[in-house]
Amino acid sequence: MEYEAVIGLETHVQLKTRSKMWCGCPNQFGAPPNTNVCPVCLGLPGVLPVANEEALRLTALTGMLLNCTIAPRAKFDRKNYFYPDMPKNYQVTQYDLPSTSGGYVDFEFQGRIARVRLTRAHLEEDVGKSFHFERSSGVDFNRAGVPLLEIVSEPDITSADMAYEYLNALKDILVYGGVSDCDMEKGMVRCDVNVSVRPKGSSQLGAKIEIKNMNSFSGVRRALEYEIPRQIEVLRAGGRLHQSTRRWDDLAGVTEEMRSKEHAHDYRYFPEPDLMPFEPSQAWLAEVASRVVELPLARKQRFMRDYQLPPADAQTFVWDVPLGNYFESVARHARNPKAVANWVINNLRAKLAETQTGLPDLKFPPTAILELIELVDSGKISTKIAQEVFAEMFASGDSPAAIVDRKGLAQVSDTAAIEAFCDQAIAANPGPVADYKAGKAAALNFLKGQVMKLSKGKANPALAGQILERKLKP
Amino acid sequence: MRMLNRLTISELVTRLASREVSSRAATQACLDQIERLDGRLHAFISLDADHALAQADAADRALALGATHARQPLLGVPIGIKDVIAVKGQPLNCASKILGRYVSPYNATVINKLQAAGAVVFGRLNMDEFAMGSSTENSAFGVTRNPWDLSRIPGGSSGGSGAAVVADECIAALGSDTGGSIRQPAALCGCVGLKPSYGRVSRYGLVAYASSLDQIGCFSKDVRDAAILLEILSGVDPADSTSVPQPVPHYAASLTGDVKGLRLGLAKEYMVGGLDAEIKAAIDAAVAQFEKLGARVTEVSLPHTDYAIATYYIIATAEASANLARFDGIRYGLRVEGADPIELYSKTRGAGFGPEVKRRIILGTYVLSSGYYDAYYLRAQKVRTLIRRDFLKAFEQVDAILTPTTPTAAFKIGEKADDPLQMYLSDIFTISANLAGICGISVPCGFTREPKLPLGLQLLGKPFGEETILRLAHAYEQSTPWHKEKPPLAALAG
Ligand SMILES: [Zn+2]
């Protein structure tokens, strides 16, 4: 029997706010242990939380970026469980009225666009971090109370690779939207996996098994690459799977059971009485909506469609947003946007890198690139000379026409002048001339090169070719 | 001149402002009274006399430099603090063993407000552990005794606050009220106890028992002092999301003595059989007195009254089960080591919490458990809404509701200790106000004959209707002798 996997992901993402979720402590990675703490995030007796509005805004923004419904009324709840890294031994989260619900992520997967639907994205607080020493343990509460977004997917993922691509796409969107830096090494993204297997084509779900403790996207992929065949093997051997939680051991590359359903936590959720329900106004939502940016995939598709760019060029402008925006400001007025892309990607980007400068430092106006392309297209200068003009234009900010004039770089299309160069080239190279006459067509290119050399690159190469051909005709 | 510790806030302020007396002398008078009485009364868990006197000296210096009570209404006035409100640099125990030698590193908002007003903030007043109880018998530091009869309880949970004010160990005191914890001990000790509307006073720095019910309030020797304190304590606090941005009136201005035409409601559900005959007589007399003052008394109905206690014990314990989870021995307070975190938790909490606290945590954990949530917690929230509606509807007909504060006078220590249900019933008249979020005040309304024990009447007002109940309470107080009576402390002092 063939089996298929059904996978859902719960992705935790730290929001990019200046301060923590309930207090004014900095939301900052890397400070010495227990220095970014105060009575509130340490859960000292008597403290109360005050919701960080920027975290609420970033949550709504994420909802908008992920096509979710933004709740007209959201509230916070307490999730009760004891753990040494939990200052209050309850986590403030959103249970039945999350800030956002529904939505989806579209991404490129195996040559097509795949869609993973989302259940919800809700806001909660991060917990501290436990450390275990030889004889004792410690907890660093710097992370406690950092705003955390939990993005829960529907079980739409069918393979380890698809889970991996989904996570990367999600990360790109969140980084792109300015919601999170998603720095895995700093623990800004963490992921739990729910996976079950079932006979292919079956509509019933198998026993749901949760896997925890992956600390990278590739860890998620590896855990699934281990777990899916494991589950199939159990079923093939006639065994049964039961609902449980397993722990991924990254070193050993295996999952191990942590607890079965009978030992599942009863989190005893109830509404957080210290916080009022949140009901965003239209004006508030409009302000958040003004921060919505175009998503990576949409941008790529638009660049390919509107400017007829190949996928690689479009992808370049997705990765480098300012460069893409610059490209658009030029290409919008161009007859041949691909030529603009070539100049921006091959020349401009290289020059910027070489001179360690940025787009705001450019000395020439965006229209100069159009002028340059026009000079080439009209035959006024050769592509090769254009490189030189661009370099000069980049350095001085002068217009391409002015540079061509000043340096006398205009292409020579004067037939008489080119004829003279051709005569010189024919006279100086009897060998190749003989070769050409004997039928070696390639020899003409050599002679054309000699004409260009004699003209210091300014001869119109097409014209030179025509004249040489005419002169060498038997 | 009367002993300074016996003065009210307004009396002491007059003398301080005229530089007739010093804050140091007033504070020392309180400390002396504590020295004389508290060994037997046990209203205070601990006391930092040096800290109190240093604040008094600072107040005296400020007065010498021209500071005025117009700008700092409590300048130099010693105010006692219930051991559930955080004061920077002072112990915070909530009358529990579990906090060990914990010292608060920050001030509650009300403490900042009192200190900004110039008060001498001092002492850790005894209470039922984590404010859970009605008798102060649940304190891990020993029971507080009623100043009128040392064999009786002072009420609770703010029993220390009530006893200290009545015994003149401080000029006034702060307490907290989750189901009657200010009004009930005020009634049983014989002073004024005010529970403000939910959201009126910031809860930041009040160790939470039941967050949606808790409210900080005050104990005072008369209604005017309650008005003065409320004005200082009130106001929206950016650190408490549940505090309400409602303007703070000049409460003392509402004490006009004129209650003509004000409508007073008697809840028919509260006038049930089983009410102590002496209390009934006292309430009847009070009603007659209000009528004499020109108030109109009518009957109102609060049909869901019967469900209040059950509703309260579901919501309060559910919230408490989470609020008290932080006391785990990991970061602060008592720690009993264990082989792993779970063992450490259970040993620490097993040793640190008293039986009533454990009972409520277990009850709260149960009502929130999977499979029971809908039947208990969710239903209780619905009933709570109905109870609030009862009051809002009644307040369409009347300006305030008059009830006894307690069903009986102070009972004997140990009398109800083994019967938690009987104990819970002693809050029957006070508990609904917390569920409804409304305000309430208890004022002395007489005494039982033998033994002579104080009785209190309660006035309940609309949300943010403190002006009305203060006005009524003040007019009644000023037309009756009860608030002037003092317990026979001389006998205690020997
Ligand atoms: Zn903090």
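**Ground rules.** Residues are numbered from 1 along each chain as its sequence is written, and chains are lettered from A in the order in which they are written. Since the model is predicted, local features need pLDDT of at least 70 and side-chain atom pairs count only at pLDDT 80 or more, while totals for chains, interfaces and linings use all residues.

**Chain B overall.** I looked up the make-up of chain B and found 16 helices and eleven strands. Helices (H or I, at least four residues) and strands (E, at least two) are DSSP runs, numbered from the N terminus. Of the 494 residues in chain B, 61% are buried. Buried means 20 or more other C-beta atoms within 10 Å of the residue's own, exposed means 12 or fewer, and partly exposed is in between, with C-beta atoms placed from the backbone. Next I checked contacts, where two residues count if their C-beta atoms, placed from the backbone, lie within 7 Å. Among those in chain B between residues at least 6 apart in sequence, 76% join residues at least 24 apart.

**Helix α15 of chain B.** This one covers residues 466–478 and reaches 18 Å from its first C-alpha to its last, close to the 18 Å expected. The expected span is 1.5 Å times one less than the number of residues. Ten of the 13 residues of α15(B) are buried, so the helix is largely enclosed by the rest of the structure. Among them are B:Ile469, B:Leu472 and B:Tyr476, along with B:Glu466 and B:Arg471. I traced what they pack against: α7 (223–233), α8 (277–292), β9 (400–404), β10 (439–447) and β11 (454–461) of chain B.

**B:Ala277.** I picked this residue in helix α8 of chain B. B:Ala277 has 8 other C-beta atoms within 10 Å, so it is exposed. From B:Ala277 to B:Ile401 I get 124 residues in sequence and 20 Å in space, C-alpha to C-alpha.

**Strand β10 of chain A.** Five of the seven residues of β10(A) (147–153) are buried, so the strand is largely enclosed by the rest of the structure. I went through its partners, where pairing takes at least two DSSP bridges between two strands. Strand β1 (residues 3–14) of chain A pairs with β10(A) in the antiparallel sense over five bridges, with A:Thr11 opposite A:Ile151. Strand β7 (residues 112–125) of chain A is also antiparallel to β10(A), over seven bridges, and there A:Leu123 has A:Leu149 as its bridge partner.

**A three-stranded sheet in chain A.** The order is β4-β3-β15 (chain A), open and antiparallel. At the edges, β4 (90–93) and β15 (270–271) of chain A each pair on one side only. Four bridges join β3 (residues 77–80) of chain A to β4(A), and A:Arg78 is partnered with A:Val92.

**Where A meets B.** The contact takes 23 residues from chain A and 32 residues from chain B.
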